[in-house]
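Q: Hey, I'm new to this one. Can you walk me through it?

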Amino acid sequence: MRPMTELTAPARADALASENAIRARRKLTNKLIKGRDAGRLKPFFTPDALVIAGDGSPISGANAIIRAFEIQFAEPGFEAFLRETSRVEIADDGARAAEHGTWTGTWKPAPPLRSGALTLSGPYLATWKKVIGQWVIENEVFVTVRTDGA
């Protein structure tokens, strides 16, 4: 992955369009998560996608990832996961990309499970792959580095 300044004008335009598409798709996943719409998240993942959750546990395959979202959405007090993109790097061939950012998970109090609010957060890295003209998530790694609350 070369800096955009080293790319030709057409390649730079393609890379910028890809970056904007990935950022837009991330915003849409945030919206679907906030709305607890797990089923509509499936097209964002390759069938064999791998997610490493904030606690280090692996979730393998799009179906398992969607099931994990359904379980999380049903958890008492769950509010949202928010992923905030800080940068996107597009591969030289335009077929893959690396998205870097920070994530935050929030829960409101849910007695007796939790007496207070809870926030988990940290960095993430997502690998995106272009499949039939559409960017989809191949891998995501979330690392919990901060825990605030109950």
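A: Here is a quick chat through a few of its features. It's a predicted model, so to speak of local features takes pLDDT of at least 70, side-chain atom pairs count only at pLDDT 80 or more, and totals for chains, interfaces and linings use all residues. Residues are numbered from 1 along each chain as its sequence is written, and side-chain values use heavy atoms, with hydrogens and water left out.

Q: Where do Arg67 and Glu70 lie?
A: Both are in helix α2 (residues 62–74), three residues apart, which is about one turn of the helix. Helices (H or I, at least four residues) and strands (E, at least two) are DSSP runs, numbered from the N terminus. The two side chains meet in a salt bridge at 3.3 Å, N to O.

Q: Which residue does Glu89 meet in a salt bridge?
A: Arg87, at 3.5 Å from N to O. There's also a network: salt bridges with shared partners join Arg26, Glu99 and Glu140.

Q: Switching topic, which residues form a nonpolar patch on the surface?
A: Leu125, Val141, Val143 and Val145, with about 280 Å² of accessible area together. Patch residues have over 30% relative accessible area and no salt bridge; like charges are joined within 9 Å, nonpolar side chains (Val, Leu, Ile, Met, Phe, Trp, Tyr) within 5 Å. Areas come from the Shrake-Rupley method with a 1.4 Å probe, and for residues only the protein chains shown count as cover.

Q: And where is Val143 found?
A: In the loop between β6 (134–142) and β7 (146–149). Val143 is partly exposed, at 37%.

Q: What about Thr127, buried or exposed?
A: Buried, at 17% relative accessibility. Thr127 sits in strand β5 (residues 118–131). Leaving aside neighbours within four places in sequence, Thr127 has contacts (heavy atoms within 4.5 Å) with residues including Arg96, Val136 and Glu138.

Q: Last one: what's the place of Asp48?
A: Strand β1 (residues 45–52). Asp48 is exposed, at 62% relative accessibility.

How values were computed: Salt bridge = Lys/Arg side-chain N within 4 Å of Asp/Glu carboxyl O. Buried < 20%, exposed > 50% of the residue type's maximum accessible area, 1.4 Å probe, protein only.
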